[in-house]
Amino acid sequence: HIHGMPPVVPPGVYGFHENANITREQGETYRMMDSLLLMVGQTSGTGDSSPEDTIRKIAHDILKRMPEPFSLGGVQAQYPNRYEE
C-alpha cells in the first residue's frame, strides 16, 4: 500500500491547510541559506575569492538549475477557467 502513495503527500492528508506546503518549502529555503552562510564563513579564509564571490557563484549555479518561469498568459489561454458544472 505504501508504495502506491505519491512521494510528496498533500498536507490535507494529515489535516493541515494547503498552505502548509508553502511554509515547509520556505523553511527548507531558510535552512539551505543558513547552511550556505555557514559554509561561506568556514571557507572565507581560503582561496582568492571573497565570501560574496562564493555566494554569487552558488546563487548562479542554483539559478541555472531552475526551470524557466511559466508564461501565465499562455497557461491561462491554454487552460481557461470554466465556471460550469
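This note goes through a predicted model of one chain in numbered points, from the overall fold to single residues.

1. Confidence. The structure is a predicted model, and the average pLDDT of the chain is 82. A score of at least 70 is reached by 91% of the residues.

2. Secondary structure. The chain has three helices and zero strands. Read from the N terminus, the order of the elements is α-α-α. The radius of gyration is 20 Å, well over the 12 Å given by the globule rule for 85 residues, so the chain is more spread out than a compact globule. Helix H1 covers residues 20-43, while helix H2 covers 51-65 and helix H3 covers 72-78.

3. Overall dimensions and surface. The C-alpha trace spans about 65 × 35 × 25 Å along its principal axes. Of the 85 residues, 7% count as buried. The accessible surface amounts to about 8000 Å². Carbon and sulfur atoms account for 59% of that surface.

4. The segment before helix H1. Val 8 lies in this segment. With a relative accessibility of 54%, Val 8 counts as exposed, because the cut-off for exposed is over 50%. From the C-alpha atom of Val 8 to that of Ile 55 the separation is 30 Å, and the two residues are 47 apart along the chain. Val 13 is also found before helix H1, and its relative accessibility of 54% makes Val 13 exposed.

5. A nonpolar patch. Which residues form a nonpolar patch on the surface? They are Val 13, Tyr 14 and Phe 16, and together they have about 370 Å² of accessible area.

6. Salt bridges in general. Side chains of opposite charge can pair when their charged atoms come close. In this model the count comes to four salt bridges.

7. Helix H1, Arg 24 and Glu 28. Arg 24 pairs with Glu 28 in a salt bridge, with 3.0 Å between the closest N and O atoms. Both residues are in helix H1, four residues apart, which is about one turn of the helix. Arg 24 has a relative accessibility of 36% and counts as partly exposed. Glu 28 is partly exposed as well, at 40%. Salt bridges also link Arg 24, Glu 25 and Glu 28 in a network.

8. Helix H1, Arg 31. Arg 31 is a further residue of helix H1. Is Arg 31 buried or exposed? Its relative accessible area is 52%, so Arg 31 is exposed. The C-alpha atoms of Arg 31 and Pro 11 are 20 Å apart, for a sequence separation of 20 residues.

9. Helix H2, Asp 53 and Arg 56. A salt bridge joins Asp 53 to Arg 56, and their closest N and O atoms are 2.8 Å apart. The two residues lie in helix H2 with a spacing of three residues, about one turn of the helix. Asp 53, at 30% relative accessibility, is partly exposed. Arg 56 is partly exposed too, at 44%.

10. Helix H2, Asp 61 and Arg 65. How many Å separate N and O where the side chains of Arg 65 and Asp 61 meet in a salt bridge? The value is 2.6 Å. Arg 65 and Asp 61 are separated by about one helical turn because they are four residues apart in helix H2. The two partners fall into separate accessibility classes: Arg 65 is exposed, with a relative accessible area of 65%, whereas Asp 61 is partly exposed, with 29%.

11. Pro 69 is placed in the loop between helix H2 and helix H3. Its relative accessibility is 71%, so Pro 69 counts as exposed. Pro 69 and Pro 80 are eleven residues apart in sequence, and their C-alpha atoms are 19 Å apart in space.

Definitions and conventions: Residues numbered from 1 in each chain as written. Predicted model: local features only at pLDDT ≥ 70, side-chain atom pairs only at ≥ 80, totals over all residues. Heavy atoms only, no water. Patch = residues over 30% accessible without salt bridge, like charges linked within 9 Å, V, L, I, M, F, W, Y side chains within 5 Å. Areas by Shrake-Rupley, 256 points an atom, 1.4 Å probe, with all protein chains shown as cover. Buried < 20%, exposed > 50% of the residue type's maximum accessible area, 1.4 Å probe, protein only. pLDDT = per-residue confidence, 0-100. Rg over C-alpha atoms; globule rule 2.2 N^0.38 Å.
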